[in-house]
Amino acid sequence: MSFAQQTGTLKGQITDFDTKETLPGATIQLLNNLSKGTAADIDGNYTIELDSGTYRIVCAFVGLRSDTFQIIITPGQTAEKNIKLKPMAKMLETVVVSSGKFEQKLEELTVSMEVIKTDLIHNKNSTSIETALEQAPGVSIIDNDPQIRGGSGFTFGVGSRVAIVVDGIPLLSGDAGRPEWSYIPVENIEQVEIIKGASSVLYGSSALNGVINIRTAYPRSKPKTIINYSLGQYSLPNQPAENWYNESIPGFTNLNFLHSRIVKNNLDVVVAGNVNVDQGYIGPPPPMKYIPPVIKEAFLITDSIPTFTNEDMMKIRGRMNFNLRYRFKKIVGLNAGVNGNVMLSKSNMVLAWLNDSSGIYRGYPGAVFMQNQTLFNIDPFINYNPGKGVSHSLVARIFSSDNVISNNQSNKGTMYYAQYQLQRIFKNIDLAFIGGVVGNVSSSFSRLYASSGSPNNKIVNISGFLQLDKKMWKVLHLSGGVRYEYFKMNNLQSVVAPIFRAGASLQVLKGTWVRTSYGQGFRYPTITERYITTKAGLFGVFPNPDLKPEQSKSFEMGVKQGFKIGHVKGYLDVAGFYQRYKNTIEYLFGVWDPSVALIGFKFLNTGESRVRGVDMSLALSSDEANKKFGIAALIGYTYIEPVCLTPDSVYARDKSLGGFGQNLSYKTASLDTTDNIMKYRFKHMFKADIELRIYKFSVGFSYRYYSRMQNIDRAFQDLEALTAESPYFHSIKATRYWYAHHGFEIIDLRLSCKLTEQHKISFIVNNLLNADYSLRPMKIESPRTAAVQYVYTIN
């Protein structure tokens with residue numbers, strides 16, 4: 001007995017209409033039953049078996065316009081349909097992953113986000129990622145310390161309140177929670193996504209004020225090779241510089257390279273590297289004045305102050321990184337791989353200038369440290385996407401740091417990180433579920449932290465999180481999540497903390513979205529903040545084992561207006577925000593323990609604080625298909641009111657006034673208490689980067705404005721008085737420069753010519769007007785630099 005066959009087959013290939021590249025992972029689904037469908041394989045091919053009949057089919061791929069078509073399935077027959085997806089004809093086309101850890105359109109987010117494209121990074125000749133981050137609205141980098149919307153003060157980057165992640169995995173040093181900017185591979189970046197506001201639910205403790213997520217690139221269908229070489233020099237400062245590099249002009253050179261390709265259709269390979277040699281713009285300090293033994297004893301100067309040369313101040317860096325991903329042909333949706341990065345570098349850290357006039361471009365004796373670094377990380381991962389909206393991800397990282405630093409400041413540490421994540425997309429009800437568990441163990445060895453009772457210290461962090469994102473009526477997006485954190489440092493009592501967030505985004509008109517969000521933040525103190533004890537000359541850093549975790553609440557409302565004028569598309573975004581902090585941790589300068597060092601820094605909980613303000617950004621770009629003319633711009637303004645809410649609360653007692661000491665509060669420790677403004681913040685920031693392209697030529701312009709930093713530590717004034725009349729010390733000067741400057745304006749300019757499809761040459765000038773400017777006390781920023789850049793591309 002035989003039965004008629006009642007099923008047939010639909011197959012084909014899915015490609016990008018413009019690039020002709022195949023689209024692995026593109027989805028094929030029944031329009032009236034989205035739970036039934038399939039995904040394209042690594043070659044963009046799909047096959048699906050269906051009962052006989054007539055179907056409406058939808059094909060979709062993130063970032064491209066969906067295509068819907070009708071097909072008739074005949075029993076026992078195979079129908080073929082090749083699909084070419086076109087670019088979205090909408091005002092906003094940027095796709096991001098940081099907000100919800102799955103791909104979303106920028107306009108649908110419930111939080112504020114800035115996106116920096118790779119073109120801006122390369123066009124500005126960024127040898128380290130901070131150069132590009134400085135152009136992001138609401139973001140400032142103060143001597144390695146990232147700030148978003150004034151959510152933190154100045155801490156030399158220790159205990160960052162902004163999570164720095166590469167491909168979603170944290171990249172902060174395990175002992176200090178400090179970003180290693182020079183370690184981030186600028187030669188292999190797809191784009192940078194910056195979340196503004198508390199993001200601890202998805203990214204953990206360090207995301208108290210936001211997240212900077214660097215996404216590296218994987219190969220396209222065609223192999224690519226890029227070689228980027230630049231050579232430049234610093235200009236002589238406008239302000240006379242005392243014996244600055246013996247009147248020579250320091251220079252720098254940089255080489256980036258990248259090669260990416262797909263091998264045998266299923267192995268993705270990326271190899272990249274960087275070599276950088278930079279004389280730097282801070283000259284070596286002069287020798288320490290002769291100090292009689294009795295004075296040394298009185299001022300507790302027991303260490304010898306080394307003398308450095310121009311050659312000692314030179315920075316040298318070598319970095320290699322790779323991405324490998326294997327996509328299994330026999331198991332659709334399964335891929336595994338490993339990413340890695342290694343860097344050897346010689347650099348220096350300058351804590352203070354010689355003085356605030358002719359010595360701003362030289363270091364102070366005892367406040368300059370030489371550093372040799374060996375850093376590496378290895379990141380194995382496995383992803384499985386069996387279809388029907390389900391995906392599993394397991395990622396891990398081993399991050400090792402070995403820092404050999406002069407004056408007994410050396411330290412080494414290892415971070416072990418692992419995360420399992422489950423995603424479930426319910427397309428029939430427009431619901432996305434994200435859940436996961438995270439384990440993070442950071443161990444450190446350094447005599448700097450021996451005040452804990454041992455030079456060996458360890459932090460254990462275990463957490464679980466989940467988030468739901470729901471789309472309703474095609475215009476309303478709801479998002480909510482929770483995280484549960486567990487921390488334990490050495491043998492201290494463990495700490496647990498639940499963290500919540502919620503948000504909504506509503507499309508009110510074709511190009512208009514309004515949003516609101518609420519998020520909690522939690523940051524556990526680092527090993528460095530609690531236990532560091534060190535000194536160099538007059539300066540010291542002191543421990544605080546009783547430091548408590550910081551907590552925050554963040555609320556914002558915003559509107560995003562998309563637009564398209566001719567071939568130019570973009571958006572205007574305006575957001576009002578309110579952030580409140582409990583147990584605020586600040587890095588305060590003062591007299592803490594004269595038996596160790598005369599004066600120095602200490603991390604302290606200073607009470608409650610609040611930051612509120614307005615953040616505006618405008619981003620636009622023209623159609624890349626237009627080969628004759630083009631424009632790209634990122635413009636933003638940020639206004640903040642950072643206020644101490646407990647100005648009279650006594651949070652510590654120092655040992656000044658001959659050891660008698662005084663009670664410290666915001667009012668007694670601040671140099672300007674007007675309106676209770678917190679220290680080391682800029683109330684106004686304006687940023688702009690605009691690039692115009694005419695045929696083969698491009699001209700770019702960057703502008704940054706920082707208003708005056710209203711408040712700094714009063715201890716700087718005390719230190720000036722202490723050294724002013726002494727014949728044995730160079731007079732320390734900080735406040736006169738601070739009083740005299742009422743804001744800074746910095747202008748950059750770049751010109752380029754694309755000689756052929758493979759060859760491009762550029763001339764880049766940063767700090768065009770050669771302004772001398774300082775973003776934190778006793779540290780000058782770079783004078784004008786001029787560089788020639790050559791880029792060779794085979795694609």
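The backbone oxygen of Gly159 is 2.8 Å from a polar side-chain atom of Arg161. The model is a predicted one.

Q: What makes the approach of the backbone oxygen of Ile585 to the side chain of Arg161 a polar contact?
A: The distance to a polar atom of that side chain is 2.5 Å, and a polar contact requires N or O atoms within 3.5 Å. The pair therefore falls inside the cut-off.

Q: Why is Arg161 called buried?
A: Its relative accessibility is 3%, and buried means under 20%, so Arg161 counts as buried. Arg161 sits in the loop between β13 (145-148) and β14 (162-166). Beyond its neighbours within four places in sequence, it is in contact with residues including Ser152, Arg523, Glu550 and Ile585.

Q: Where does Ile585 stand in relation to β36?
A: Ile585 stands opposite Asn605 in β36. β35 and β36 pair in the antiparallel sense over 6 bridges.

Q: Which residues of helix α8 are buried?
A: They are Ala715, Phe716, Leu719, Glu720 and Thr723.

Q: How do you know that the buried residues of α8 line one face of the helix?
A: Viewed down the axis of α8, they fall within an arc of 145°, so they line one face. Their cover includes β32, β35, β36 and α9.

Methods
Residues numbered from 1 in each chain as written. Predicted model: local features only at pLDDT ≥ 70, side-chain atom pairs only at ≥ 80, totals over all residues. Heavy atoms only, no water. Buried < 20%, exposed > 50% of the residue type's maximum accessible area, 1.4 Å probe, protein only. Helix = DSSP H or I, 4+ residues; strand = E, 2+ residues; numbered from the N terminus. Arc of directions from axis to C-beta. Contact = heavy atoms within 4.5 Å. Pairing = 2+ DSSP bridges. Polar contact = N/O pair within 3.5 Å; in protein donor to acceptor, adjacent residues only side chain to side chain.
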